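Trainee: I would like to learn how to read the strands and helices of a model. Please take me through one.

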Amino acid sequence: MAYHVHSDKPVFDLVIGDKSFSSWSMRAWLVAVQSGLPFKEINIKLDEPGTAAQIAKHSPSGKVPALKQGMIVIWDSLAIAEYLNDLSPEAHLWPEDIGARALARSYAAEVHSGFANLRSQMSMDIRLQCDLRHLSHGTIADINRILDLWRTALKVSEGPYLFGDFCIADAFFAPVVFRFISYGVKIQDSMIRKYMKNIVEHHGVQFWVEEALKEKSHRPVFK
């Protein structure tokens, strides 16, 4: 099991946004932690007057996350995950079985590029606790698709994560778990509730949430 390693000699720098709000940063950061490689975290506050200028110093896309290693800069979360898989093959960031690995990549790719309605109506906010009672048809369809994906994988793997051990696909769905929790999405399936609990209790996720709760929020919190 990999842990966040603090070292005077980091292998790479990882540029991220607020832990409370930046779902893409969370994905890349969790993969970085799972890789077991020591890294330096560069945290940039989002939605502030100097945010764009600060990010531009590190990321050519003007967005976070970004991984920097020497002259190499990678600014896409899925590309970061694949790069870390190459850097740390012993961490088994993808399943070892070729079929499961291809399926896990499909899962990560779908959440990487899809679920626009859910993103729009249910933005990530670690602090948020509310019951969102009026979901759009598109958001409901996204939620049902995600639950179907989780159910399908868990029936095969039997947990504790989608494909057995924690992998990149789980890191990419972790912010979705917190969206469901924050907005009071009711989950009837006990297998899926157990999976969500396992994500919340993952050592990297727990550290991320602890750090998020220490941040000074610049968004309103609704009860």
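Mentor: This is a predicted model. Begin with a hairpin: strand 3 and strand 4 form one, with two residues between them. In its turn, G70 has a positive phi of about 60°.

Trainee: How many bridges join strand 3 to strand 4, and in which sense do the two run?

Mentor: Strands of a sheet pair through backbone hydrogen bonds, and the pairing is either parallel or antiparallel. Here strand 3 and strand 4 run antiparallel and are joined by three bridges. To find the pair by eye, look for Q69, which stands opposite I72 in strand 4.

Trainee: Which strands form the sheet, and in what order?

Mentor: Four strands form an open sheet, and their order is 2-1-3-4. The pairing is mixed. At the edges are strand 2 (39–43) and strand 4 (72–74), each of which pairs on one side only. Ignoring direction, neighbouring strands of this sheet are turned against each other by 20° on average.

Trainee: In which sense does strand 1 pair with strand 2?

Mentor: Strand 1 (residues 12–16) pairs with strand 2 in the parallel sense, over five bridges. One place to look is I16, which has N43 of strand 2 opposite.

Trainee: How does strand 1 run against strand 3?

Mentor: Strand 1 and strand 3 (residues 66–69) run antiparallel, with three bridges joining them. V15 has A66 as its bridge partner in strand 3.

Trainee: Which strands does helix 1 touch?

Mentor: Helix 1 packs on the sheet and touches strand 1 and strand 2. The direction of helix 1 makes about 155° with that of strand 1.

Trainee: At what angle do helix 1 and helix 7 pack?

Mentor: Two packed helices are described by the angle between their axes and by the distance between those axes. Helix 1 (residues 23–35) and helix 7 (residues 168–182) pack at about 140°, and their axes are 8 Å apart. Angles over 145 degrees count as roughly antiparallel, and helix 1 and helix 7 are therefore oblique to each other. The crossing of helix 1 past helix 7 is right-handed.

Trainee: Which residues of helix 1 meet helix 7?

Mentor: On the side of helix 1 they are S23, W24, M26, R27, L30 and V31. They meet residues of helix 7, among them I168, F172, P175 and R179. By type, the residues of this contact between helix 1 and helix 7 divide into eleven nonpolar, one polar and two charged.

Notes: Residues are numbered from 1 along each chain as its sequence is written. This is a predicted model: local features need pLDDT of at least 70, side-chain atom pairs count only at pLDDT 80 or more; totals for chains, interfaces and linings use all residues. Side-chain values use heavy atoms; hydrogens and water are left out. Axes are lines fitted to C-alpha atoms, for helices over the stretch in contact, and angles run from 0 to 180 degrees between N-to-C directions. Angles under 35 degrees count as roughly parallel, over 145 as roughly antiparallel, 65 to 115 as roughly perpendicular and the rest as oblique. A crossing is left-handed if the near helix is turned anticlockwise from the far one by less than a right angle, and right-handed if clockwise. Contact means heavy atoms within 4.5 Å. Ala, Val, Leu, Ile, Met, Phe, Trp, Tyr, Cys and Pro count as nonpolar, Asp, Glu, Lys and Arg as charged, and the others, Gly among them, as polar. Two strands pair if DSSP finds at least two bridges between them.
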